[in-house]
Amino acid sequence: MNLLSVEGISKAYGERIIFEPLSFGMSKGQKIALIAKNGSGKTSILKIIAQQDTPNQGLVNFRKGTQVSYLPQDPVLDPNKTVEKIILASGNQTLEVIAAYEKALQNPEDAESYQKAFEAMDQHQAWDFETQYKQLLSKLKLDDLTLKAAALSGGQKKRLALCSALLEKPDLLILDEPTNDLDLEMIEWLEAYFIKEKLTLLMVTHDRYFLERVCNEIIELDEGVLFSYKGSYSYFLEKRAARMEQLDTEAHKTKRHFTKELEWMRRQPKARTTKSKSRIGDFNTIKAKAQIRRNEHKVQLEINMERLGSKMIEMHRVTKTFGNKVILQGFDYNFQRNDRIGIIGNNGTGKSTFLKLLTDTIKPDSGKIIRGETLKFGYYTQEGIEIKSGQKVIEVIQEFGEFIPLKKGRKISAQQLLERFLFDRKKQYDFVEKLSGGERKRLYLCTVLIQNPNFLILDEPTNDLDIVTLNVLENFLLGFPGCLIVVSHDRYFMDKIVDHLFVFRGEGKIEDFPGNYSDFRAYEGLENTAVSSKKKPKTEWKNTADDSNENKASYEDQRILKNWKKKLPPLNPKKKTFKISLLTKPYPRMRSKHFQ
């Protein structure tokens with residue numbers, strides 16, 4: 001059943017063309033992701049479909065009665081309203097049905113109106129709406145319904161807006177970067193929810209595990225043309241690679257054909273025959289095809305890292321509290337060259353405070369933090385670049401100098417550096433406030449790296465970056481010779497970059513786990529299985545000849561866990577690599593060899 005038809009929509013702001021006429025459709029049950037480079041207009045397309053914006057031309061048609069919900073990247077909530085009041089003031093159709101029913105109760109003499117209202121309550125399952133929204137808010141960890149929006153964190157605001165969108169029970173749910181600002185626990189819950197529920201989804205997201213597990217179709221906007229791939233993200237990567245290979249082959253053939261025809265034209269042939277006339281007429285078409293150039297430029301990351309001494313950062317018995325809330329309690333760690341540390345934990349467990357302690361933004365209550373003399377931080381924060389009114393892109397970089405030093409004594413101009421970060425000469429004179437979210441993050445990344453840090457801290461670096469740029473950033477970080485700390489909800493990014501984790505449990509507890517995020521999730525699952533096995537009577541798991549296969553597995557889980565825990569302590573100081581060959585990862589590598 002067709003729900004949506006997009007016919008020839010385009011968008012431009014003045015002379016700047018965002019995208020030219022695009023057309024596609026959606027049917028019930030499809031879960032589609034829109035993929036494109038930063039600045040291609042992904043958010044604009046979603047806003048137009050959600051009727052939050054209007055196209056310069058073209059139409060968006062919905063099947064009659066289609067209910068659409070839209071989750072923007074940055075939800076705007078009334079700061080003076082509580083969590084519950086925001087839900088009840090969301091304009092939800094079910095709330096309108098409840099209001100109509102309450103009105104009918106006040107006029108019992110109008111039997112027909114009462115009957116219609118009663119049937120509508122049944123149809124929309126509105127009798128237990130209060131229970132529904134309270135249960136959903138609880139699952140989204142929003143238990144305090146009296147909290148005002150002004151007091152909510154970015155992640156809490158995103159979850160509240162998500163709750164409002166889901167409660168509308170839409171026929172089509174439109175999501176713009178739904179995993180941004182959510183912690184890993186919430187992302188996994190949302191992922192499982194979308195897999196389970198029979199929803200129709202249209203989304204923009206950079207989360208590659210989310211794309212792989214949730215979406216059944218990928219639409220790519222490439223060079224102004226839409227390409228559809230009916231399959232998972234790994235299927236898209238395989239088919240896209242095949243398409244690129246075919247385009248390269250066709251381009252090579254076209255250029256050879258053009259060279260041949262150009263030689264013929266240089267001989268100044270006379271159009272005496274119909275064939276000659278036709279050949280001369282086709283020359284301009286062949287020439288145009290041969291001169292088409294794909295914009296396949298990628299971000300080029302290169303820094304002249306400051307000399308790194310033997311001492312990085314030493315933390316000795318560091319404690320930090322805010323009132324009764326304990327963030328760190330006697331924490332010890334000696335950072336080493338080439339450390340690749342990922343930081344995970346629920347919101348409010350102290351991850352941001354830990355980074356501020358490292359960078360000397362705040363002081364510890366007790367203990368010592370000793371920093372090496374050659375230490376130079378590069379700190380990429382969640383807040384992103386500071387936008388100054390009227391400031392142009394080129395002026396942001398010129399604040400660091402007209403020329404930027406690179407490796408081996410080389411230098412490049414500010415303009416050349418921006419070109420490496422995919423800002424062409426025209427774009428360099430755009431105002432920063434006019435850039436897309438992804439372009440701003442790319443510019444911010446440029447300002448962090450050109451300072452040549454040897455201790456790099458990245459706090460949610462993947463938000464709003466396109467997948468191509470993420471791949472370049474990942475490859476750069478794999479070869480980064482300094483110390484690296486990453487806080488990210490992007491599970492694929494964490495799996496590829498880090499080799500051990502600081503797990504923030506709350507109440508000052510921090511665990512040093514030897515492995516990446518998927519290793520940690522597998523270990524957590526095994527430990528939970530072992531804990532649940534302990535709660536059973538001993539006769540249920542005792543290894544005897546009469547045991548069932550299920551009970552033998554539980555015993556084996558305990559044995560593996562016990563042996564593995566013995567190996568954990570010596571791994572911490574030396575940070576040796578330890579592969580968990582006995583565990584099945586919850587996020588396996590995609591089968592496609594192109595999934596990088």
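Trainee: Which residues touch the most other members in the largest nonpolar core?
Mentor: L137, L160, F194, L201, M203, L211 and I218, in a core of 52 residues. Helix α6 supplies the largest share of this core, with seven residues. Keep in mind that this is a predicted model.

Trainee: What does F194 touch, leaving out residues up to four places away in sequence?
Mentor: K31, L166, L173, L175, L199, L201, F210 and V214.

Trainee: And what lies apart from that core?
Mentor: Another core, of 45 residues. Y444, L445, I450 and F520 are among them. As a general point, nonpolar side chains tend to be buried together in soluble globular proteins.

Trainee: Switching to strands. What is the order in the open sheet of six?
Mentor: β14-β17-β18-β12-β19-β20, and the pairing is mixed. The edge strands are β14, residues 377-380, and β20, residues 509-513. Each of those pairs on one side only. From one strand to the next, the twist averages 15°.

Trainee: Do β17 and β18 run parallel or antiparallel, and over how many bridges?
Mentor: Parallel, over five bridges. Strand β17 covers residues 455-459 and β18 covers 483-487. I457 stands opposite I485 in β18.

Trainee: Which helix packs on the sheet?
Mentor: Helix α14, residues 437-449, which touches β14 and β17. The direction of α14 makes about 170° with that of β14.

Trainee: On to charges. How many salt bridges does the count come to?
Mentor: The count comes to 25. Take E439 and K427 as one example: their side chains meet at 3.0 Å, N to O. E439 lies in α14, while K427 lies in the loop between α13 and α14, so the pair ties together parts twelve residues apart in sequence.

Trainee: Are E439 and K427 buried or exposed?
Mentor: Both E439 and K427 are buried. Now look at E112 and K116, where the salt bridge is 3.8 Å, N to O. E112 and K116 both lie in helix α4, four residues apart, about one turn of the helix. Both of these residues are exposed.

Trainee: What about R505, which residue does it form a salt bridge with?
Mentor: E511, with the closest N and O atoms 3.1 Å apart. R505 counts as partly exposed because its relative accessibility is 36%. E511 is partly exposed too, with a relative accessible area of 37%.

Trainee: Loops next. Where is Q391?
Mentor: In the loop between β14 and α12.

Trainee: Why does Q391 count as buried?
Mentor: Because its relative accessibility is 8%, and the cut-off for buried is under 20%. Leaving out residues up to four places away in sequence, Q391 touches E386, V396, E399, D430, F431, V432 and E433.

Trainee: What about K169, what is its phi?
Mentor: Positive, about 50°, although K169 is not a glycine. K169 sits in the loop between α6 and β6. K169 is partly exposed, with a relative accessible area of 40%.

Trainee: And what phi does D360 have?
Mentor: A positive one of about 65°, and D360 is not a glycine either. Look for D360 in the loop between α11 and β13. At 35% relative accessibility, D360 counts as partly exposed.

How values were computed
Residues numbered from 1 in each chain as written. Predicted model: local features only at pLDDT ≥ 70, side-chain atom pairs only at ≥ 80, totals over all residues. Heavy atoms only, no water. Pairing = 2+ DSSP bridges. Helix = DSSP H or I, 4+ residues; strand = E, 2+ residues; numbered from the N terminus. Axes fitted to C-alpha atoms, helices over the stretch in contact; angles between N-to-C directions. Contact = heavy atoms within 4.5 Å. Buried < 20%, exposed > 50% of the residue type's maximum accessible area, 1.4 Å probe, protein only. Core = buried A, V, L, I, M, F, W, Y, C linked by side-chain atoms within 4.5 Å. Salt bridge = Lys/Arg side-chain N within 4 Å of Asp/Glu carboxyl O.
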